[in-house]
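Trainee: I'm new to this one and would like a walk through its pocket and its salt bridges. Can we look at it together?

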Amino acid sequence: FPSHDKLEKLRIALRGVVGSSGEYARALEIVSNASATLNIQQEDALRGFTRLSASVIGAGGSVEDARIVFEGVNTAIKATGGSSQDAQAALLALSQVFSKGKVSAEELSGQLGERSAGAVTLFANATGRTLPQLNKDLQNGVVGLNDVIKFIEALGNKYEATAAKIAKSTEEAGARQTVALNKFREELGKLFGTLGSTLIVTGK
């Protein structure tokens, strides 16, 4: 189980990435919502969203752009029976895409395609291309970040209902319990941390 201190360090890293206090509050809301609705462990959600946000914001995007990508990927992976490792790998691949500013054929058909069924066809449809045109544009390096956002939005829309159903299923009971338990443990950590500080200050 992640400790309160470990999660707090991850939050500090996220705060440094997103900048303003308003954007930070929104980023925490996004992470919390993903953890609650998709049964993602808080540590995984914080680390994944921080890494992704750094790439998206560095490429001129926003926290909301990062949200679209983060939620869309996790939704698709959940709906297609993927694991948390699959989601982390897909998010890492997309972080690399945003860092470079364009999409390569290897990333789309390999790292993303392997973890999300039909990703290449959906990408073509979402960006108004035929498959041959998409392949040509990938080879010419003209598939940009706006195309990625369109693709991820389509991905999330396609799998949202299925992901929600799976997240609430009996099979996910263990994951829901772990998320809830980790949240409870962190709250205890905060409580005892505050109590300890009070005892030190008062000398009791």
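Trainee: How much space lies in the largest pocket?

Mentor: First, a caution: this is a predicted model, where local features need pLDDT of at least 70, side-chain atom pairs count only at pLDDT 80 or more, and totals for chains, interfaces and linings use all residues. Residues are numbered from 1 along each chain as its sequence is written, and side-chain values use heavy atoms, with hydrogens and water left out. On a 1 Å grid over the protein atoms alone, a pocket is an open set of points where a 1.4 Å probe fits, with protein on both sides within 12 Å along at least five of seven lines. Points are joined across faces, edges and corners, and the volume is the space filled by probe spheres set on them; for the largest pocket that comes to about 410 Å³.

Trainee: Which element gives the largest share of its lining?

Mentor: Lining residues have an atom within 4 Å of a point, and the largest pocket has 20 of them. Helices here are DSSP runs (H or I, at least four residues), numbered from the N terminus. Helix H2 (21-38), helix H4 (63-79) and H9 each give two or more residues to that lining. The largest share, 8 residues, comes from H9.

Trainee: Okay, on to charges: how many salt bridges does a search of the whole structure find?

Mentor: Side chains of opposite charge can pair when their charged atoms come close. To count as a salt bridge, a side-chain nitrogen of Lys or Arg must be within 4 Å of a carboxyl oxygen of Asp or Glu. Among those linked in a network of such bridges are Arg-26, Glu-29, Glu-64, Arg-67 and Glu-71. The whole search finds 9.

Trainee: Is Glu-43 buried or exposed?

Mentor: Buried means under 20% relative accessible area, exposed over 50%, and partly exposed in between, using a 1.4 Å probe and protein chains only. Lys-6, at 40%, is partly exposed. Glu-43 has a relative accessible area of 14%, so the word for Glu-43 is buried.
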